[in-house]
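Subject: The structure for you to look at

Hi,

Here is the structure I promised to pass on. Have a look at it first, then read my notes below.

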Amino acid sequence: MVPLSWYIVLSAIVFSIGVFGFLARRNLIIVFMSVELMLNSVNISLVAFSHYLQSMRGQILVFFIITVAAAEAAIGLAILIAFYRNNPTIKVDEINLLKG
Amino acid sequence: MLKYTLIPLLPLISFIINILFGRSIIKSKAHWIAIPAVAGSFVLALSAFMDVMAGNVININVYTWILSGNFQVPVGFLIDQLTAIMLIVVTSISTLIFIYSVGYMHGDGGYYRFFAYLSLFVFSMLVLVMANNFLLLYFGWEAVGLCSYFLIGFWFHKKSAADAGKKAFIVNRFGDFGFGLGVILVFLTFGSLEYTQVFSNANIALGQTINILGTDVDLITLICLLLFCGAVGKSAQMPLHVWLPDAMEGPTPVSALIHAATMVTAGVFLVARCNPLFSLSHTAMNTVAIVGGVTAIFAASIGLVQNDIKRVIAYSTVSQLGYMFLALGVGAYSAAIFHLYTHAYFKALLFLGSGSVIHALHDEQNMQNMGGLKKYMPVTYAVFIIATLSITGIPGLAGFFSKDEILWRAYLGGELGRGMWLLGTVAALMTAFYSWRLIYLTFHGKFRGTHEKEHHLHESPKVITVPLMFLAVGAVLAGYVGIPPLLREHGDRIGEFLAPVLGHPQGEGSHSEELMVMGASIFVALAGWGVAYMMYVKNAELPKKIGSMFRPIHNLLYNKYYVDELYSKTFVQPILKMSDKVILGFFDAKIIEGIVNGVPNLIGAFSRQFRKVQTGLLSNYGLAMALGALAIIGYVIFMR
Amino acid sequence: MTLPQAFFAYIGGMIVVLSLLVVTRKNPVHSVMWMLLLFVHIAALYLFLNAEFLAAIQIIVYAGAILVLFLFVIMLLNLRKEETEKRFQRQWPFGAGIGVVLAVFFVLIVGKIDVIPPLGQYSIDAIRSEGHIMTVGKVLYTEFLLPFEIASLILLVAIIGAVVLAKKRVE
């Protein structure tokens, strides 16, 4: 048998890679993909918990997370396109409209 | 119970309605709300009076106002014999003056405001007299002060009126400060503010002393003197009398209601109400008597030479209030209340009469520009004569009985009382003189004003003259409840009525002495009349001659002993100067503005640096968020 | 090492390597391709955990829909010159540090899990007896009916939002 902790460690490593990608990359699309990566890592641990606890809830939650991820990707990319139309750049460190 | 609560509540309702809807809806119909309200109070007060006559003393708590530990203050009403009489005086005079105001204030821009303030005033005064504890009394006390400020400064666009309002308010503050301290001291001493508890335990304060700045002061004397401070301020006694003559800037009904009949008598009421305390302190009683006696003659002497018709009456008021304090000081509380009650009628009559004159002359107040109004204004003239006969103490009218009672009680009050009696009698002489001088200057001789004004002379409308007639009836008959026992057995019914609250006056005198005192006061009344007749009717040149002969004295009196100037030099100017230099120049400019400007500058400088944190870059925010998450996880792992 | 453990080691190792490839490739198209492979491995992991339906969803929704959307956007924006520029921001060492520390923290947390809730009714045999899809469906349409409906609303909002945002303004 594979112990539960292996899954969690795997999930943690993937999540951390996602965090790294989110914080380090300049390309906004890759940043988005890092977010997806983090969501997936959470999904892994949820499914693992679901399996080991013999409960369905984890999987249902994954189901909803996938739904939200799809919606988020659609909206996020739409915003990206709308933004790119006005400011032709998707470099995270060149976008500072929030600066006060 | 509701009945008694409604007595002060009706005027309050009238005030609220008038102040809220007066400008937009009610406008010149304001009296349709105010007069029924105050008349309703009068009817209820009469019924309360009947209840008290039947022997019930009403003491009800309506509502718990303040509850903090053992400090309890209810909104409660005590209606005993003293309050019952005050209620009748306040509500009856108010009703008549409200009716009078309909005529007098007709067409004024602030008509609704006037009735709103008058209603508020009546409410405050009723709370003042009906309170069953010191704090509620204090509330009423301050509220009447506030109303008097509103009403004196009613024509606030006139600078002198606005100033007079401020002066009244500020001068009263001096007295009220003492009064407030007195109330606190009462609570500290007796552990309660309710009359019944304080007065029944009055003896425990006896012989106690309190240490002030290293000297031991008799506690009960201190309490009484502090309370008396408030009374001096409100009742315009020396040395805080300066506001009352200036208060004549207000509309005449206000002068009549507040500055003659009701508010200024609050001080007298206070001392009478606190008689169980005052009776314990000889020093306080003597102070009251001396202040009263000196004020009586001091104010009367100023009244001799004033030319403004309302100021003469104002000084007369101060002087008559002096009489009342004189009576209180010699322990004749019921005599003081008796005089308060008769004085309310004839003084209101004098004021409203002068208002009628002023109204007819289109706001002319200088008596030197009047004269010969007798034939134009017969009703006003008649009521003026009645009021004057009454105030000067001509036998058979109200003023005679009460004033005679005071002088007789003073005469019995030991050596000090004897001196005070002398002062009072001299003041009575002066009173007679200036009262008749006022009559002769105003109504006799030839008209000295412009032709324009002479052309417009007319008797005032019914709505003004009818209240005058009612008051005239009061000025004649009010005294018959207090006929001296000398003239009729058991004639002093008001004294008997008030005895449960105020006790019986001390001292016994023979009938011959009493007749002598009575004779003296009748003599001075007639003498003053005679002198006035000589000077202003028989020989009109005489006043000028005498005036120039005794020019320094005349100037001294005419300028009111320079008291205002003295206060201005000693208090007002230094305070203004200090305010300008220290408060405005240093405190306001440096400290307050330093803080006000410094704080934003500091914040601005700080934010200019701090703003750099906000890079606007998504990743920086993400980094901060991740660090925060790390911190939380770290806490969960390592700290728990 | 048992066979399942060996399988997990392969899948897990691949997932980590592919994740690293996703976040480090310069060309976003390459990243998407690696991600596709990553999702397939994750789907395999789901299968390994007896969640067939989720594995299918993973492939269909993530690989089939979301990644295609990413590809669309990349093509749409035509980001040729991006490839020549720096791929990391200046703060990337911080990102790396935080990532490492976070991983360590998570691993430490694993050792701290000491409360194991009671096992539920959905054992492997129970799921097998009626099939995974039916089990998920039953739970989803009974216990989680309301969240399910809300999820559909979220999708609706996302559709409308995406259209409104991405549409060219017609002046």
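Before the interfaces, one term: two residues are in contact when they have heavy atoms within 4.5 Å of each other. On that rule, 69 residues of chain A touch 89 residues of chain C.

Some housekeeping: this is a predicted model, so local features need pLDDT of at least 70 and side-chain atom pairs count only at pLDDT 80 or more, while totals for chains, interfaces and linings use all residues. Residues are numbered from 1 along each chain as its sequence is written, chains are lettered from A and ligands numbered from 1 in the order in which they are written, and side-chain values use heavy atoms, with hydrogens and water left out.

**Chains A and C**

How much area do chain A and chain C bury between them? About 7000 Å², with 78% of it on carbon and sulfur atoms. (Buried area is the accessible area, taken with a 1.4 Å probe, that two parts lose on being put together, summed over both.) On the chain A side, A:R25, A:Q54 and A:M56 lose the most area to chain C, together 10% of what that side buries.

There is 1 salt bridge between these two chains, a salt bridge being a side-chain nitrogen of Lys or Arg within 4 Å of a carboxyl oxygen of Asp or Glu. You can find it between the side chains of C:E143 and A:R57, at 2.7 Å from N to O. Chains A and C also have 16 residue pairs in polar contact, both residues at pLDDT 80 or more. (A polar contact is a pair of N or O atoms within 3.5 Å; within protein, one must be able to donate a hydrogen and the other to accept it, and residues adjacent in sequence count only if both atoms are side-chain atoms.)

Which elements of chain A give two or more residues to this side? They are α1 (4–24), α2 (28–53) and α3 (57–86), and α3(A) has the largest share, 23 residues. (Helices are DSSP runs of H or I with at least four residues, numbered from the N terminus.) By class, the chain A side has 50 nonpolar, 12 polar and 7 charged residues. Here Ala, Val, Leu, Ile, Met, Phe, Trp, Tyr, Cys and Pro count as nonpolar, Asp, Glu, Lys and Arg as charged, and the others, Gly among them, as polar.

**Chains B and C**

Here, 11 residues of chain B are in contact with 12 residues of chain C. The two chains bury about 980 Å², of which carbon and sulfur atoms give 78%. B:L623, B:L630 and B:I637 supply 53% of the area that chain B buries against chain C, more than any other three residues.

**A pocket in chain B**

Last, the largest pocket. (A pocket is an open set of points on a 1 Å grid over the protein atoms alone, where a 1.4 Å probe fits, with protein on both sides within 12 Å along at least five of seven lines; lining residues have an atom within 4 Å of a point.) The largest pocket is lined by 32 residues, and B:R437, B:M535, B:Y536, B:P543 and B:K544 lie nearest its centre. Its lining divides into 19 nonpolar, 8 polar and 5 charged residues.

Cheers
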